[in-house]
Amino acid sequence: MRQQKPYVRVRNFDEVPFGYSEEEAIEEAKRCLQCQYPTCISGCPVNVDIPRFIGQVAGGRFAAAIATIRETNNLPAICGRVCPQESQCEGVCAMGRKFDALAIGRLERFCADWEAEHHLTSVDVPASNGRRVAVIGSGPAGLTAAADLRKAGFDVTVFESFHVAGGVLVYGIPEFRLPKAIVRREVDGLKRLGVTIEPNRLIGRVFTVDDLLERGFDAVFVGTGAGLPRFLKLPGESLGGVYSANEFLTRTNLMRAYRFPEHDTPIRVSERVVTIGGGNVAMDAARTALRLGAKNSVVVYRRSVEELPARAEEIEHAQEEGVFFQLLANPVRFLEEDGELCGVECIEMKLGEPDASGRRRPIPIEGTEFVIETRTAVVAVGNEAHPLIPKTTPGLRVDSWGHITTDDDGRTSQPRVYAGGDIVTGAATVIEAMGAGKRAAAAILADLDGG
Ligand code: FAD
Ligand code: SF4
């Protein structure tokens, strides 16, 4: 897919790939084998009928193609951009055994963008069945549950603690990967369907889950994500200049710190920025640092390149943009000068036997400490679920990590309370969060309306 040149895009926040033209989409779609037993469908957590929509693209029937996708996926413009397709539908595409797998994500993105360009946004607003469901959190899990429930006739209100809806899609994933206008477009579609969105409502403080049930909601879906950053618990981690990735990305994406002082929120970016971690979040932070003016963006990761958990495309884009990977290294402390960060002391690592995660265990090599001088460091080593909802909802069971425990369909230990997405799993992916939202919506439908 055509995309911005690396030396151009590191100076702006515009989206990196341009997307397929109609001709390019048709050409790519014609490669599909239309397999009799299509493995791609089972690789998709929301089971989009992939061969059908690709066949429609190949025939130039784009409106039919997007209608097929929307049968099971309410957020195609988002999934087409950020799903880890290489480990899902494309990872099991039959074509991929000998040649390049079909570019399913790019075709999905093309269809969703084509739909928006041609203003095919009219929706049939389903009649109300008189039942009310409260959805807490407007990330992909909450938005998906809300859409499915509204389509089934429920009156749905989404309560979101931030001032805008979208969850990680707006506060975490940067503009150059997922433009906010696209998330807004999908959220607006939901509003047209009749879903009410109430921003600035922190549930657990404004109302509790029990309050919502007492106020006439028949069921509550908790999709509050995993927004509590994990830290390394190393000396110096609270120094000025050390950010969690959540804070660094939220300041930039949601609060537009890159436009300080025109916007109120500042951000500190030194000439070199060190990001610790190897997932999508670390890639996002390291690439954001470059766009905020850092000359040198370094990712410190304790394993080797093969174990980097980020999407292949994100690693490739980061490398093209000049992000430097300090692999097989781990921070041991943050160094201080006048109360502020002045460097990260690291130690070299080697890989041992595989650990519980199946990846080879990193082992420090004694006496190999070295210092990377920097005044800005970003810790991107994962997130946990926030304890507010479990703490304020008596009887709601959680596991030892603080994630709400549910059955496979999102039913919690409390009657009429359902949960899904990162609040249940810790940290997953957009499409997995959507799948969880779908299953919980189906369970609510079954429990309240008898199926
Ligand atoms: P979230 O998206 O976290 O949404 C939860 C929402 O609930 C938030 O808006 C929050 O403000 C709100 N909330 C929390 N508590 C309350 C409360 N008490 N009351 C009201 N509202 C509340 N996945 C991919 O598939 N591909 C990627 O490329 C990718 N990149 C990522 C990059 C970053 C920086 C991050 C952080 C994650 C990334 N992920 C990616 C993971 C993916 O975004 C998450 O798995 C997904 O967003 C989880 O969806 P969710 O709906 O469970 O939660
Ligand atoms: Fe087409 Fe690949 Fe799916 Fe087969 S597995 S139908 S080639 S997308």
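How many residues of the shell around ligand 1 are nonpolar, how many polar and how many charged? The shell around ligand 1 splits into 17 nonpolar, twelve polar and six charged residues; here Ala, Val, Leu, Ile, Met, Phe, Trp, Tyr, Cys and Pro count as nonpolar, Asp, Glu, Lys and Arg as charged, and the others, Gly among them, as polar.

A quick note before the views. This is a predicted model, where local features need pLDDT of at least 70, side-chain atom pairs count only at pLDDT 80 or more, and totals for chains, interfaces and linings use all residues. Residues are numbered from 1 along each chain as its sequence is written, chains are lettered from A and ligands numbered from 1 in the order in which they are written, and side-chain values use heavy atoms, leaving out hydrogens and water.

**View 1. Who sits around ligand 1.** Ligand 1 has 35 residues around it (a heavy atom within 4 Å). Val82, Glu160, Arg177, Ile203 and Asp422 are the closest. Domain 2 (132-227 + 385-450) and domain 3 (231-382) each supply at least three residues of this shell; the bounds come from an automatic or database domain assignment.

**View 2. Backbone contacts to ligand 1.** Taken alone, ligand 1 exposes 1000 Å², and the protein buries 94% of that (Shrake-Rupley method, 1.4 Å probe). Helices H8 (140-151), H13 (280-291) and H17 (430-449) each give two or more residues to the shell, with H13 giving the largest share, three residues. Helices are DSSP runs (H or I, at least four residues), numbered from the N terminus.

**View 3. Where domain 1 meets domain 3.** Eight residues of domain 1 (14-117) touch seven of domain 3 (heavy atoms within 4.5 Å). About 470 Å² is buried between them (accessible area lost by both parts together, 1.4 Å probe), and carbon and sulfur atoms give 40% of that. The domain centres, taken over C-alpha atoms, are 33 Å apart.

**View 4. The shell around ligand 2.** Cys32, Cys35, Cys40 and Cys93 are among the residues surrounding ligand 2, including also Leu33 and Thr39. By class, eight residues are nonpolar, one is polar and none is charged.

Notes: Polar contact = N/O pair within 3.5 Å; in protein donor to acceptor, adjacent residues only side chain to side chain. Buried area = accessible area lost by both parts, 1.4 Å probe.
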